[in-house]
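Here is a short briefing on one protein chain. Look over the sequence and the model before reading on.

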Amino acid sequence: MNNSTIDDLNGEIQVENKALFLAGIYLNNYYLWVIFAIGFPGNCASVVTIIRMQKLTTSTFYVAFLAVVDNLAIVQKLLYLQLTLHGVWIGSVGCKILNFLTLFLVTYSNWILVAMAVERFVAVKYPLKISVFWSIKRAFVSLIALGVIMFGVYSHLFWTFTSVNGIDCGMFIEYVRFYRDIWYWINAAVYSIVPCSLLLSLNVLIIRAIKISRQQRIEMSVESEKTQTTGKTVRQDRQITVMLMTVTFVFVILTVPRTIYVVVDLFWTVEYGTLEDAQKYLINQVTFFLCDSNHAINFYLYFITGRKFRRQFLDLCMCRKRKRQAQNVTKCHSVSCTTSVKAESRNGSKTNRKFKPVAM
């Protein structure tokens, strides 16, 4: 349905059903603007926050890359929607490219999240070897490999999709059976089912690895260091666990409903204009809203569950780092700062006290 459908409803659908149709139409026409308003600045904030961090790690690299892909997905879906709503001629080539980019970006985003979970599992399971197993270069290569795989999965859209009248997109009639009987299941598996299953499994493995690692640290630490080490470890483990469980939980909530609808839609036939038709259309738009919201909320999840990320972002917004540097420069003009930074050793050599940067 599009905007012209609102006029078509008059005289064809009962009044009690028209309200549901109108709700679905308005949701379809405007929900992406809400997602854009919330998600685009949030994803930009994620990228800027990561760039301003003092050290780029594989985890923060994934976070920044995911934010960029999420923004591309939001812009792409919003562009596609506006072109179709305003009846802009896009032709057969436009249909192929727009449908490919939409499915590629939203699915690629989900699999980047899986790559992040795999990296976290390796970091927790093998903390002393993570730098060997998982460097930023290898993380970049893994993302390229995922992109190539996703390209292969959705490349069929370049020869199966076409334009009906230059504006509306559809599939060649010879591929309709493939689309209905095979592609629906492949798309549901690649987009949601497999990523959700992997994230849940990795989450369980990470929690188990954290418990084992914590117990080993406690047993290996000496009694005098036991309290300090255990407290620091517990805080770090809790932060990682909460973040991953939150991301996984939200991902499942937002993507599974759309997958269920896609599967049920194969067998859910309704008569046009009936109450069931109106309910189905509204449910369809609600599931779209939920799965697309997944690209807009990651920054807020990081901010709520990630203490270091939250501190870095707040420092950036409130210019705290700049203020601290200014204070240090002011102090270093005084005698007390000079004498505290540089001290004469017994053998006459000078040793400099290095100020550790605040952990972000």
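Predicted model: local features only at pLDDT ≥ 70, side-chain atom pairs only at ≥ 80, totals over all residues.

Of the 360 residues, 41% count as buried.

**Whole chain**
- The chain exposes about 20,300 Å². Carbon and sulfur atoms supply 66% of that area.
- Take the contacts in the chain with a separation of 6 or more: 75% of them come from residues 24 or more positions apart.

**The cavity**
- The count comes to one cavity of 30 Å³ or more. The volume of the largest cavity is about 30 Å³.
- Which residues line the largest cavity? They are Leu 66, Asp 70, Ser 109, Leu 113, Asn 294 and Asn 298.
- Sorted by class, the lining of the largest cavity has two nonpolar, three polar and one charged residues.

**Phe 21**
- Phe 21 lies in helix α2, which covers residues 15-52.
- Is Phe 21 buried or exposed? Phe 21 counts as buried because its relative accessible area is 0%, and the cut-off for buried is under 20%.
- Phe 21 and Tyr 281 are 260 residues apart along the chain. In the model, their C-alpha atoms are separated by 6.9 Å.

Methods. Residues numbered from 1 in each chain as written. Heavy atoms only, no water. Buried < 20%, exposed > 50% of the residue type's maximum accessible area, 1.4 Å probe, protein only. Contact = heavy atoms within 4.5 Å. Areas by Shrake-Rupley, 256 points an atom, 1.4 Å probe, with all protein chains shown as cover. 1 Å grid on protein atoms, 1.4 Å probe; cavity = no way out; pocket = protein on both sides within 12 Å on 5 of 7 lines; lining within 4 Å. Points joined across faces, edges and corners; volume = space filled by probe spheres on them. Nonpolar A, V, L, I, M, F, W, Y, C, P; charged D, E, K, R; others polar. Helix = DSSP H or I, 4+ residues; strand = E, 2+ residues; numbered from the N terminus.
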